[in-house]
Amino acid sequence: MFQRICLAHYHEIGLKGHNRASFEMRLLKNLEQLLRDFPVVTIKRISGRICIYIKEGTDYALACDLANQVSKVPGVVRVSSGYKCTRELEVFYKAAVLAIEDAGEFLSFKVQARRNHTDFPIDSMEINRLVGAHLCDVYPDKKVQMKDPDLTVAVEVVQSSAYVYARSIVGIGGLPVGASGRVMCLLSSGIDSPVALWRIARRGATCSAVHFSGRPQTSSTSEFLVADIARVLQETGCIKRVYVVPFGDYQREIAALVPPELRVIMYRRLMFKVAEALAHRERGRALVTGESLGQVASQTLDNIAATDEAVSMPVFRPLIGTDKQEIIKEAKQLGTFDISSQDAPDCCTLFMPRNPETHARLHDVLEAEEKLPLADWIPEILAATELLNFHV
Ligand code: ATP
Ligand code: MG
C-alpha cells in the first residue's frame, strides 16, 4: 500500500517554456543512468517532478543514500523522500505519519496538499485541515505553524495515486547535463580545474576533459590522480571522457627553442590548440579552464589574452573572480580536494623558468612561436592522445 519514493524537484528547467519536456527527459535519463546501482523500480515524470519508485523492502538508510545521490545531480533543486499510496483519506493519514517518522526531529509543521485532478472529491484546503487534525492527534506536543514550519508534510494527489512526503534536502540546482551543448575542459590534477569543470557541468554543459601529462619526462602520477578526480565527477554525471596527452617531450622542446620567460605561455598556447582540436572532434564549442585572475604568473590579464589568442573558440573561466579559499571549500564539497592535494609532478612545473613573464606582449609571443614546428606537432600529439571513457 505504501511504496517508498523519492521526488526530484527542479525549477530552472521548469521555466524553459517549450523546451521543458526535453529538459525533463534529459534529467530523467541522467538519473536513470546514475541510479543504476540503487534498488529502483522505475523513474517517471509526474506533474512537474521526477518520481523515483524504490523497490519494496528497501531500508530507510539506503533510501537516504539514494536521496543524497539525487541531490548532487545537476538540475535537481530539492529532493523529497516519502511514499506513494492510494487516494483515500485514511491512507493519507498513515502515509503522513510514516513520512514524518522518516523526517527526524521537528517542533512545528504544516500540511500542504495539492490536487492535480479535481476528480478527487476533497479539495486541497480540506485535505490540509483533515490530515493536519489527524497529525495533531498523533503528535499532541507538536504545533501547526503556517509560516516557516520545521516540517512541511506534502500530500499530492496526481491522477490515480497520491504522494506523501516530509523529508526534504536541498539539491545543487542548475540545469541537467546535456542541456547546454558540449565543452572541452583543461583538467590538471590541481584543486581548481575540477571545480571549474563541475561549475560548467552544473550549467548543463556536457564536459569532456583533456589532461596534459609530463610523461615521458615525468612519472604518470598526475594521470592516476586525474582518473580519480574524473571518477568523482562521474558519480554525478558531470564528465564524459578524459583525453590524456603525453606532453613532456614537447615541453622539453619548447624549453629549448623559446626564451625562458615565455615558456609557460608557449606551453599553454599549445595546450589550448590541442584542446581546441580535440573539442572540434566531438563538436565541442568552448574550452574551460580553472584560472582565477592574478592567482599565478600565467593568470595575469596580459597572459590570459596572449593564450586566448592561440584559439578561436571562446574560453570559459568559471573561477575567474573566485578566491582560492572559496575554491578549496567547493573542492571539499565536491570531494576532489583530497585527491588534488596529493603531490604529482605537473607538466607545468617541468622546465619552469626562474622568472616567467607576467605581462607577455603578443608580438613577442608570436615571434617566438614561429620557431616551433606546430604544424607537425599538433597532428603528432593528437595521434598519441589516449582516452579514458566515462559513459554518462
Ligand atoms: P589547477 O589547480 O586547476 O591546476 P592552478 O591554480 O594550478 O590550477 P595553473 O597550473 O596555472 O593553475 O593552470 C591553470 C589552468 O590551466 C588549470 O586550471 C587547468 O584548467 C589548465 N591546466 C594547467 N595544467 C594543466 C594540465 N597539466 N593539463 C590540463 N590542463 C591544465
Ligand atoms: Mg596547476
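This is a predicted model: local features need pLDDT of at least 70, side-chain atom pairs count only at pLDDT 80 or more; totals for chains, interfaces and linings use all residues.
Local features need pLDDT of at least 70 and side-chain atom pairs count only at pLDDT 80 or more, while totals for chains, interfaces and linings use all residues. Residues are numbered from 1 along each chain as its sequence is written, and side-chain values use heavy atoms, without hydrogens and water.

Q: How are α8 and α12 oriented to each other?
A: Helices here are DSSP runs (H or I, at least four residues), numbered from the N terminus. The axes, lines fitted to C-alpha atoms over the stretch in contact, of α8 (residues 263–281) and α12 (residues 362–369) come within 11 Å and cross at roughly 75 degrees. Angles of 65 to 115 degrees count as roughly perpendicular. The pair is therefore roughly perpendicular.

Q: Which residues of α8 make the contact with α12?
A: Contact means heavy atoms within 4.5 Å. On the α12 side, Leu-362, Val-365, Leu-366, Ala-368 and Glu-369 take part. From α8 come Ile-265, Met-266, Arg-269 and Lys-273.

Q: Which helix gives the largest share of the lining of the largest cavity?
A: A cavity is a set of points on a 1 Å grid where a 1.4 Å probe fits but cannot get out, and lining residues have an atom within 4 Å of a point. The largest cavity has a volume of about 40 Å³, and its lining is Arg-4, Tyr-60, Ala-63, Cys-64, Ser-81, Asp-102 and Arg-167. The largest share, three residues, comes from α2 (residues 60–71).

Conventions:
Chains are lettered from A and ligands numbered from 1 in the order in which they are written. Axes are lines fitted to C-alpha atoms, for helices over the stretch in contact, and angles run from 0 to 180 degrees between N-to-C directions. Helices (H or I, at least four residues) and strands (E, at least two) are DSSP runs, numbered from the N terminus. Angles under 35 degrees count as roughly parallel, over 145 as roughly antiparallel, 65 to 115 as roughly perpendicular and the rest as oblique. On a 1 Å grid over the protein atoms alone, a cavity is a set of points where a 1.4 Å probe fits but cannot get out, and a pocket is an open set with protein on both sides within 12 Å along at least five of seven lines; lining residues have an atom within 4 Å of a point. Grid points are joined across faces, edges and corners, and a volume is the space filled by probe spheres set on the points.
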